[in-house]
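Visitor: Before the terms are used, I would like to see what stands behind them. Could we go through the labels one at a time?

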Amino acid sequence: MKLAEALILRSDYQKRIEHLRNRLLQNAKIQEGETPNEDPKVLIKELNQLLSDLKKLIKNINRTNLQTAFNDSQSVADALTERDLLSQERKIYSALLEAAAIPHDRYSRTEIKYVSTINVRETQNYVDELSQKHRILDTKIQEINWLTNVIE
């Protein structure tokens, strides 16, 4: 199985687990004398199997990411860390830009005037650079994901 397929399967397992969780909660309590729509014991058994499968899959994905070279100096796990931090930094600077945007909705000269404390143009250029780095890194990670077999 390719790493990309394993990641898709992991996502599917996580969605199925959440769905089972909801079904369990819906059948956890019933009115006296009624029967549940689904047997909670069967749902719990299915949930436990899915959690076990997910645990094994995640371990295999992590092992593969650690042992697969991204480039001469990094593993895929290192590249994933870098991508996540780029994403976080980009979100922070984007939020800063949004906060610095000053609406010009004063109705008279006596109202409070706000001014930006950052250089919006430079900050926007930096956000654009971060976005481009993120896209390039993510594309390379996706390429490796489709070429790499999962280590079991």
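Guide: A pocket here is an open set of grid points with protein on both sides within 12 Å along at least five of seven lines. The model is a predicted one, and its largest pocket has a volume of about 190 Å³.

Visitor: Which residues line the largest pocket?

Guide: A lining residue has an atom within 4 Å of a point. For the largest pocket these are Ala4, Leu7, Ile8, Arg10, Asn65, Leu80, Arg83, Gln142 and Asn145. By class, the lining divides into 4 nonpolar, 3 polar and 2 charged residues.

Visitor: Which helix gives the most to the lining of the largest pocket?

Guide: That is α1, with 4 residues. At least two residues of the lining come from each of α1, α3 (76-100) and α4 (120-147).

Visitor: Why are α1 and α2 called roughly antiparallel?

Guide: Helix α1 (residues 3-26) and helix α2 (residues 40-67) pack at an angle of about 155°. Angles over 145 degrees count as roughly antiparallel, and α1 and α2 therefore get that label. Their axes are 9 Å apart, and the crossing is left-handed. The residues of this contact comprise 18 nonpolar, 3 polar and 5 charged.

Visitor: What makes α3 and α4 roughly antiparallel?

Guide: The cut-off is again over 145 degrees. The angle between α3 and α4 is about 155°, with their axes 9 Å apart, so α3 and α4 are roughly antiparallel. The crossing of α3 and α4 is left-handed. In the contact of α3 with α4 there are 15 nonpolar, 7 polar and 6 charged residues.

Visitor: How do you know that Arg16 and Asp12 meet in a salt bridge?

Guide: The rule asks for a side-chain nitrogen of Lys or Arg within 4 Å of a carboxyl oxygen of Asp or Glu. For Arg16 and Asp12 the N to O distance is 3.8 Å, so the pair counts as a salt bridge under that rule. Side chains of opposite charge can pair when their charged atoms come close.

Visitor: Where do Arg16 and Asp12 lie?

Guide: Both are in helix α1, 4 residues apart, which is about one turn of the helix.

Visitor: How many salt bridges does the count come to?

Guide: The count by this rule is 5 salt bridges.

Technical notes:
Residues are numbered from 1 along each chain as its sequence is written. This is a predicted model: local features need pLDDT of at least 70, side-chain atom pairs count only at pLDDT 80 or more; totals for chains, interfaces and linings use all residues. Side-chain values use heavy atoms; hydrogens and water are left out. Axes are lines fitted to C-alpha atoms, for helices over the stretch in contact, and angles run from 0 to 180 degrees between N-to-C directions. Angles under 35 degrees count as roughly parallel, over 145 as roughly antiparallel, 65 to 115 as roughly perpendicular and the rest as oblique. A crossing is left-handed if the near helix is turned anticlockwise from the far one by less than a right angle, and right-handed if clockwise. Ala, Val, Leu, Ile, Met, Phe, Trp, Tyr, Cys and Pro count as nonpolar, Asp, Glu, Lys and Arg as charged, and the others, Gly among them, as polar. On a 1 Å grid over the protein atoms alone, a cavity is a set of points where a 1.4 Å probe fits but cannot get out, and a pocket is an open set with protein on both sides within 12 Å along at least five of seven lines; lining residues have an atom within 4 Å of a point. Grid points are joined across faces, edges and corners, and a volume is the space filled by probe spheres set on the points.
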